[in-house]
Amino acid sequence: MAMERIAIVGGGPGGLMLARLLQRQGKCAVVLERDRHAEERPQGGSLDMHGETGQYAMERAGLREAFLAAARPEDQGDRLYNAEGVLLFDRNDPMDDRPEIDRSVLRQILLNSLTPGTVRWGRRTTRIAPEKNGFMVYGDGWAEQFDVVIGADGAWSCVRPLLSDAVPFYEGVTLVELGFEVKRHPRISKLTGDGKMLAIGDNRALITQRNGYGHIRGYAGVKLAENLAREWGARSCENLRQTLRDTFAGWAPTLLDVIETGECIGVRPLYALPLGHSWKSQIGLTLLGDAAHLMSPFSGEGVNLALADAVDLADALISTNDWSLVNRYERAMCARAAIAAEGAAQGLKSVFSSTGVEHVLEHYRARMHG
Ligand SMILES: Cc1cc2nc3c(=O)[nH]c(=O)nc-3n(C[C@H](O)[C@H](O)[C@H](O)COP(=O)(O)OP(=O)(O)OC[C@H]3O[C@@H](n4cnc5c(N)ncnc54)[C@H](O)[C@@H]3O)c2cc1C
């Protein structure tokens, strides 16, 4: 089969990494991205990049130097508090191998590495139709034919339904995302330390995480029905703040500062694909990243897996015009993701339980000694 005209639907970390790796090997690919430009949406918080997946992908992409220049190895700390504000765990070792990088910075490094014009901004894909030779990809007022279409379009992928009936399900927990400037919020900075702060009480959690450029990102996590999560998304910041005050009543004032002083960024209900999601391989069409294996962020693996998928898929597409290599990529990728997804589901379940703080303390101690 021909594999010359390659469309990557979605310009997130996974899609951009794939485009970069293909271009390095002389293969041409375009990225169809729904955002009109790189700054259209806030890109979210800081990510820790794991050695064998995220960092390995940056190296394979020839972007190790750019990554090291932008990464923050000094921000890998973990702190754990209980709801009374007692510090139970506090560790920061810059020699750990999971340096942090802001998501927007990572995206910019990847964008800068691509041949100009690779990303076609403002191209929301709405429909994909199989043709005699490849696929027709449609959007609002445009259509283009490709030999290969890759769904790198995240949680609500429009490519996935062509391969699988799976639909993301709500995991029962919603995060309210909050933002802080270190300069204006020294108390939040002190609470956070160098890295991530987790405060866990009965089925609830407050999280803050140091980002680059003097910012801290926070989350108030609660168990919530899906319809209420949708309703929270439509509320004003002050209204949400009052609801959170009621939900976290009785917590230590040092922790409640997170709710009192954060700027509301958004309401994020957590969705996941069924554990072990896979599909029957179909020539010319495949998935990577969240489109293939959406999971809660409680494993810290999502971006790392998306980047590792891109490496493996690029290798499969470059080697030959033989789709069986992509089929092999799909099987290995789904198996690898299933392990991480199980960890993410368990992580979420144990944090949002009546004994969450003990579970996380045990996990942190085990990691320190492991
Ligand atoms: C609150 C939160 C915190 C997280 N923290 C971490 C963390 O610390 N570490 C970690 O590894 N992971 C984390 N994750 C997970 C991580 O964000 C994802 O796993 C990762 O972004 C997946 O990358 P991707 O490229 O597959 O998809 P995405 O990043 O979702 O990118 C998809 C892209 O496709 C575009 N798109 C969507 N639909 C279309 C369409 N129809 N047409 C064209 N373009 C389209 C989107 O605009 C987007 O640019 C977190 C997630 C959340 C929600």
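Me: Are α1 and α10 roughly parallel or antiparallel to each other?
Reply: Roughly parallel. This is a predicted model, by the way. The two helices pack at an angle of about 30 degrees. Angles under 35 degrees count as roughly parallel, so α1 and α10 fall in that class.

Me: How far apart are the axes of α1 and α10?
Reply: They are 8 Å apart. The crossing of α1 past α10 is right-handed.

Me: Why give both an angle and a distance?
Reply: Because two packed helices are described by the angle between their axes and the distance between the axes.

Me: OK, what about α1 and α4? At what angle do their axes cross?
Reply: At roughly 25 degrees, and the axes come within 9 Å. α1 and α4 are therefore roughly parallel to each other.

Me: Is α1 past α4 a left-handed or a right-handed crossing?
Reply: Left-handed. Against α10, α1 makes a right-handed crossing.

Me: Next pair. How do α7 and α8 run relative to each other?
Reply: Roughly antiparallel. α7 covers residues 237-247 and α8 covers residues 253-261. Their axes cross at roughly 160 degrees and come within 9 Å. The cut-off for roughly antiparallel is over 145 degrees, so this pair qualifies. α7 passes α8 in a right-handed crossing.

Me: Switching to the ligand. Which residues come nearest?
Reply: Glu33, Arg34, Arg103, Asp290 and Val303, out of 32 residues around the ligand.

Me: What does aspartate 290 do there in terms of distance?
Reply: An N or O atom in the aspartate 290 side chain is 2.7 Å from an oxygen atom of the ligand. For arginine 41, a side-chain N or O atom lies 3.2 Å from a ligand oxygen. Glycine 302 uses a polar backbone atom, 3.2 Å from an oxygen atom of the ligand.

Me: How much of the ligand does the protein cover?
Reply: 85% of the 1000 Å² of accessible area that the ligand has on its own.

Me: Which elements give two or more residues to the shell?
Reply: α1 (13-24), β3 (46-48), α4 (103-112) and α10 (302-319).

Me: And which gives the most?
Reply: α10, with 4 residues.

Me: Last one. How do the shell residues divide by type?
Reply: 10 nonpolar, 11 polar and 11 charged.

Methods:
Residues numbered from 1 in each chain as written. Predicted model: local features only at pLDDT ≥ 70, side-chain atom pairs only at ≥ 80, totals over all residues. Heavy atoms only, no water. Near = heavy atom within 4 Å. Polar contact = N/O pair within 3.5 Å; in protein donor to acceptor, adjacent residues only side chain to side chain. Areas by Shrake-Rupley, 256 points an atom, 1.4 Å probe, with all protein chains shown as cover. Nonpolar A, V, L, I, M, F, W, Y, C, P; charged D, E, K, R; others polar. Axes fitted to C-alpha atoms, helices over the stretch in contact; angles between N-to-C directions. Parallel < 35°, antiparallel > 145°, perpendicular 65-115°, else oblique. Left-handed = near helix turned anticlockwise from the far one by under 90°.
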